[in-house]
Amino acid sequence: MTDKAKFEGKCSRCGKAHYSNRKGEIVVCDCWRYCPMCGAEMQSYTPDLAPNTYGMDDKRDLRILMVCTNHSPPFYSSQKPVEVMVE
Ligand SMILES: [Zn+2]
Ligand SMILES: [Zn+2]
């Protein structure tokens, strides 16, 4: 069990508390994977572009996009994983 966890950090996005017994540990909250509108777990969305469509690197940044298909049009999220500092 986790009853030795002394330190707590709250996610800045959803407010969920994360616990650890190591101060300063970074915990990744999983709320970024859930749709903020309906709460369903979203699917990862990969833009269907050929890697060399625009030639150089400027379109290749590592944005994580998730999609919830429960909506019309589908809801796209660019929310990144939230890192929570436990202290
Ligand atoms: Zn969260
Ligand atoms: Zn949704």
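Helices (H or I, at least four residues) and strands (E, at least two) are DSSP runs, numbered from the N terminus. Keep that in mind while moving through this predicted model, in which local features need pLDDT of at least 70, side-chain atom pairs count only at pLDDT 80 or more, and totals for chains, interfaces and linings use all residues. Residues are numbered from 1 along each chain as its sequence is written, and chains are lettered from A and ligands numbered from 1 in the order in which they are written.

**The whole chain**

Start with the cartoon view. The chain has 7 strands and 0 helices, and reading along the sequence gives β-β-β-β-β-β-β. Of its 87 residues, 8% count as buried. A residue is buried if 20 or more other C-beta atoms lie within 10 Å of its own, exposed if 12 or fewer, and partly exposed in between, with C-beta atoms placed from the backbone. Two residues are in contact if their C-beta atoms, placed from the backbone, lie within 7 Å. Among contacts between residues at least 6 apart in sequence, 51% join residues at least 24 apart.

Select residues 7–10, which are strand β1, and residues 17–20, which are strand β2. Two strands pair if DSSP finds at least two bridges between them. Here 4 bridges join the strands, which run antiparallel. Show E8 and its bridge partner in β2, Y19. Then show K10, which stands opposite A17 in β2.

Move to the 6 residues between the strands, where G15 takes a positive phi near 80°. K16 also lies in the loop between β1 and β2. Is K16 buried, exposed or partly exposed? K16 counts as partly exposed because it has 14 C-beta neighbours inside 10 Å. Leaving aside residues up to four places away in sequence, K16 touches C11, C29 and C31. Draw a C-alpha to C-alpha distance from K16 to C29: the two are 7.9 Å apart in space and 13 residues apart in sequence.

Strands of a sheet pair through backbone hydrogen bonds, either parallel or antiparallel. Next, select β4, β5 and β6. These 3 strands form an open sheet in the order β4-β5-β6, with antiparallel pairing. Why is one side of β4 and of β6 left without a neighbour in the sheet? β4 (43–44) and β6 (75–77) stand at the edges and each has a single partner strand, so one side of each has no neighbour there.

Finish on β5, residues 66–68, which pairs with β4 over 2 bridges in the antiparallel sense. Select Q43 and look across to V67 in β5, which stands opposite.
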